[in-house]
Amino acid sequence: MLTREEEMKRSKIWQIVMTVSSVLIIVIAAFFLVKMFRSNPLEGIWRSEDSDLILNIKGSSSLTASVPEALEGEDIKLKLSYALDKEEKTISIKADEAAIEKAVKDSDGQITEETLESALGAILTTFDYSVDQEELTLTEREYGEQMVFIKE
């Protein structure tokens, strides 16, 4: 039979194991809850189903749009800013004038500001968004036109 002293040691070890495991479960649950409510649901690289447009959404206010069709297949990467409203499920995308001027300057006269703005014209507005697994649907708020993106 076990002595009273051995039983006390076993009880103490059991108490420590249960306390540590309970704290660990609480920390893991808190991590996932914070991540779920604070993370950006649109973060990642999204490729358009209809065109060659690629959106790389990082952080909470900037995205990079790759527009290959602007220069007959040459890839133009342009930084844009966006505002995300998770409650209303809207995203407003705006052009960064300095980035547009830099892209025009870097193209050595092959592209004009008007050409670049017309290539980006479809995404420089406010959209309702919905994310369903690996698919992002942007619905233009005024006319209801939709753009579908697949996550890479």
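## Cover of helix α2

The buried residues of α2 are covered by elements that include β4 (77–85), β5 (90–95) and α3 (113–120); contact here means heavy atoms within 4.5 Å. The model is predicted, so local features need pLDDT of at least 70 and side-chain atom pairs count only at pLDDT 80 or more, while totals for chains, interfaces and linings use all residues. Residues are numbered from 1 along each chain as its sequence is written, and side-chain values use heavy atoms, with hydrogens and water left out.

Helices (H or I, at least four residues) and strands (E, at least two) are DSSP runs, numbered from the N terminus.

Helix α2 spans residues 97–106, and its buried residues are A99, I100 and A103. Buried denotes under 20% relative accessible area, exposed over 50%, and partly exposed in between (1.4 Å probe, protein chains only). The three residues lie on the same side of α2 because they cover an arc of only 100° around the axis, the arc being that of the directions from the helix axis to the C-beta atoms. An α-helix has 3.6 residues a turn, so residues three or four places apart point the same way.

On the face of α2 turned away from its buried side are the exposed residues K102 and K105. After α2 comes D108, which has a positive phi near 55°.

V23 belongs to helix α1, residues 4–38, and counts as partly exposed at 46% relative accessibility. Its C-alpha atom is separated by 50 Å from that of A98, which is 75 residues apart from V23 along the chain.

L24 is also placed in α1. Together with I28, F31 and F32, L24 forms a nonpolar surface patch with about 430 Å² of accessible area. Such patches are made of residues with over 30% relative accessible area and no salt bridge, nonpolar side chains (Val, Leu, Ile, Met, Phe, Trp, Tyr) being joined within 5 Å and like charges within 9 Å. A salt bridge is a side-chain nitrogen of Lys or Arg within 4 Å of a carboxyl oxygen of Asp or Glu. Areas come from the Shrake-Rupley method with a 1.4 Å probe.

## The aromatic pair

One aromatic pair is found in the whole structure. The rings of F31 and F32 have centres 5.3 Å apart and planes at 70°, so the pair is edge-to-face. Rings of Phe, Tyr and Trp (its six-membered ring) pair if their centres lie within 6.5 Å; planes under 30 degrees apart count as stacked, over 60 as edge-to-face and the rest as tilted. F32 is exposed, with a relative accessible area of 52%.
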